[in-house]
Amino acid sequence: MRLSASSTNATVLGEAAFESLWALSHKPVFAIAYPDLASARALVDRVWRESADAG
């Protein structure tokens, strides 16, 4: 529901948008809270690196 709510151009893209949302709905997701964009990016970069190192 959160993904769908944040898809501001879904009505413009039509069926392709909903097919993409459906494909993404079967993937693990995470919600993050951050005080600013720089902090959010640092968090995502760190998690990305750690997941690459683990795999």
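I'll start at the surface. Phe 30, Ile 32, Tyr 34 and Val 44 make a nonpolar surface patch of about 460 Å². This is a predicted model, so please hear every value as computed from it.

Val 44 sits in helix 4.

Now the helix itself. Helix 4 covers residues 37-54, which is 18 residues. From first C-alpha to last, helix 4 reaches 26 Å, close to the 26 Å expected at 1.5 Å a residue. At its start, a side-chain oxygen of Asp 36 comes to within 3.2 Å of the backbone nitrogen of Ala 38.

Next, charges. How many salt bridges does a search of the whole structure find? The search finds 1. That salt bridge joins the side chains of Arg 41 and Asp 45, at 3.5 Å from N to O. Both residues belong to helix 4, and they are 4 residues apart, about one turn of the helix. Are the two partners buried or exposed? Arg 41 has 57% relative accessibility and therefore counts as exposed. Asp 45 has 32%, so Asp 45 counts as partly exposed.

Last, the protein overall. There are 4 helices and 0 strands, and the order from the N terminus is α-α-α-α. Of the 55 residues, 7% are buried. The accessible surface comes to about 5100 Å², and carbon and sulfur atoms account for 63% of that surface.

That is what I have on this model.

Terms used
Residues are numbered from 1 along each chain as its sequence is written. This is a predicted model: local features need pLDDT of at least 70, side-chain atom pairs count only at pLDDT 80 or more; totals for chains, interfaces and linings use all residues. Side-chain values use heavy atoms; hydrogens and water are left out. Helices (H or I, at least four residues) and strands (E, at least two) are DSSP runs, numbered from the N terminus. The expected span of a helix is 1.5 Å times one less than its number of residues. A polar contact is a pair of N or O atoms within 3.5 Å; within protein, one must be able to donate a hydrogen and the other to accept it, and residues adjacent in sequence count only if both atoms are side-chain atoms. Buried means under 20% relative accessible area, exposed over 50%, partly exposed in between (1.4 Å probe, protein chains only). Accessible areas come from the Shrake-Rupley method with a 1.4 Å probe; for residues, only the protein chains shown count as cover. Patches are made of residues with over 30% relative accessible area and no salt bridge: like charges are joined within 9 Å, nonpolar side chains (Val, Leu, Ile, Met, Phe, Trp, Tyr) within 5 Å. A salt bridge is a side-chain nitrogen of Lys or Arg within 4 Å of a carboxyl oxygen of Asp or Glu.
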